[in-house]
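Good morning. Please have the picture open while I talk.

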Amino acid sequence: MPFVEGLTCRECARPYPAQALHVCEFCFGPLEVAYDYAAIAAAVSRQSIAAGPHSLWRYADLLPADRTAPIDLGAGMTPLVRADRLAAELGLGELWIKNDTLNPTGSFKDRVVSVALTKARELGFKVAACASTGNLANSVAAHAARAGMESYVFIPHDLEQGKVVTSAVYGGNLIAVEGNYDDVNRLCAELTSEQPTWAFVNVNVRTYYAEGSKTLAFEVAEQLGWQAPDHVVVPIASGSQLTKIAKGFRELHKVGLLDGDEPPAVRISGAQAEGCSPVATAFAEGTDHIRPQKPKTIAKSLAIGNPADGWYALDEVRRSGGAIASVTDDEIVAGIRLLARTEGIFAETAGGVTIATLAKLAAEGKVRKDERVVAYVTGHGLKTIEAVSPHVGPTATIAPTLDAFNEAVEVQR
Ligand SMILES: *Cc1c(COP(=O)(O)O)cnc(C)c1O
Ligand SMILES: [Zn+2]
């Protein structure tokens, strides 16, 4: 990796080599990948990126893994769509949806997994593993299959059937744990020391995994003609994605890819489900202390009660002038249906959280009509079909005759 200088502790700034390390041995702070930005600035250009592959690997100069042998199912370069009909309903102006439902396994997790497993293989790991709320399980199982790696994927036992089947189909080991995500994560932390040849993408190679989320910022800027938006709305589970989107916009400025001389002032707002809202609660209370919660929400992909990067997400949001709000299960379902009805995009519950939170922040004047806004919709609706199946169905069920149709349906003329 010509541009990776090593790892640095986010708390005490001690340097480490770019190995399979994730916490500082002095202060237990998380480690962060450090790059030589001057060298990247000299090497990259808008043209060199445009000439790259139509996937997140076009940004390899700003990623910590080797582009010459990626584990690649084509994650990234998802559509950024202008959402005028949704904007009109919410009283907003220029609104865009980053449609990350269209990744290979239907969620943004394909970004982080492609980067993490590519790096893991480089570091000599033989087995792909993860603790998952569902989408990560899909993605690790699929990318491991693609790479011919063995996989061990750990999930809470009560996940949506869509996520169980779409993980199991790839043929790896899928372990359903009788507990919630935080229990699964604790078990995986213990297994990490017991199985040194296993790469748990979000535990022992988490430092590399997290970097994949920066591509959510890179793509949005490129798709907006190398401009940063004014305000982004991002769902929060562990908080990693949100912090890396912030880092991504800053990096684009550092390496000279953005319009303008000043670092972009992107307001960053966070979205949580009320039934699992430790970061939103700390934001509302104005404290730095994130109290763990026991999750109870239909937004299972966001149901992390003790978020590893929660404090860092809170800090990014506060420093950017954004807000964090939470929404009820009913609001989540309404958010899914609103996005589907206005823009033709079917999102999973996490997308419902983002859209419902966007609606709430718009109504409170915290997301404004004069801002260019991007909402990150991170998972596909077919994964959580049980969230909406009680609420939608056929307009009518009829015999195959004209009379039956005319009797049952009043056609608007
Ligand atoms: C995992 C996940 C997130 C959030 O991820 P974090 O980086 O842990 O905050 C958002 N949306 C979906 C659909 C996810 O699966
Ligand atoms: Zn440290």
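Helix α10 (residues 240-254) lies across β10, β11 and β13 (372-377), and runs at about 150 degrees to β10. For such angles, axes are lines fitted to C-alpha atoms, for helices over the stretch in contact, and the angles run from 0 to 180 degrees between N-to-C directions. Helices (H or I, at least four residues) and strands (E, at least two) are DSSP runs, numbered from the N terminus.

A word on the source. This is a predicted model, in which local features need pLDDT of at least 70 and side-chain atom pairs count only at pLDDT 80 or more, while totals for chains, interfaces and linings use all residues. Residues are numbered from 1 along each chain as its sequence is written, chains are lettered from A and ligands numbered from 1 in the order in which they are written, and side-chain values use heavy atoms, with hydrogens and water left out.

Back to the strands. Which order do they take in the open sheet of six? The order is β4-β5-β13-β10-β11-β12, with mixed pairing. Two strands pair if DSSP finds at least two bridges between them. At the edges are β4 (80-82) and β12 (324-327), each of which pairs on one side only. On average, neighbouring strands of this sheet are turned by 25 degrees against each other, direction ignored. β10 and β11 (residues 267-273) run parallel and are joined by five bridges, and Val232 stands opposite Ile268 in β11.

Next, the nonpolar cores. A nonpolar core is a set of buried Ala, Val, Leu, Ile, Met, Phe, Trp, Tyr and Cys residues joined through side-chain atoms within 4.5 Å. Buried means under 20% relative accessible area, exposed over 50%, and partly exposed in between (1.4 Å probe, protein chains only). The largest core has 74 residues, and Val201, Val232, Phe249 and Tyr376 touch the most other members. Another core lies apart from it, with 49 residues, including Val327 and Val373.

Now charge. Side chains of opposite charge can pair when their charged atoms come close. A salt bridge is a side-chain nitrogen of Lys or Arg within 4 Å of a carboxyl oxygen of Asp or Glu. How many are there in the whole structure? The search finds 30. In one of them, Asp309 and Arg206 have their closest N and O atoms 2.7 Å apart. That pair links distant parts of the chain, 103 residues apart: Asp309 is in the loop between α11 (278-285) and α12 (310-320), and Arg206 is in helix α8 (residues 206-211). Are these two buried or exposed? Both Asp309 and Arg206 are buried. They also belong to a network of salt bridges that includes Arg10, Glu32 and Lys244. By contrast, Arg82 and Asp84 form a salt bridge at 2.9 Å, N to O, with Arg82 partly exposed at 41% and Asp84 partly exposed at 44%.

Last, one backbone detail. Trp226 has a positive phi of about 60 degrees although it is not a glycine. Trp226 sits in the loop between α9 (215-223) and β10 (231-235), and counts as buried because its relative accessibility is 7%.

Terms used. Contact = heavy atoms within 4.5 Å.
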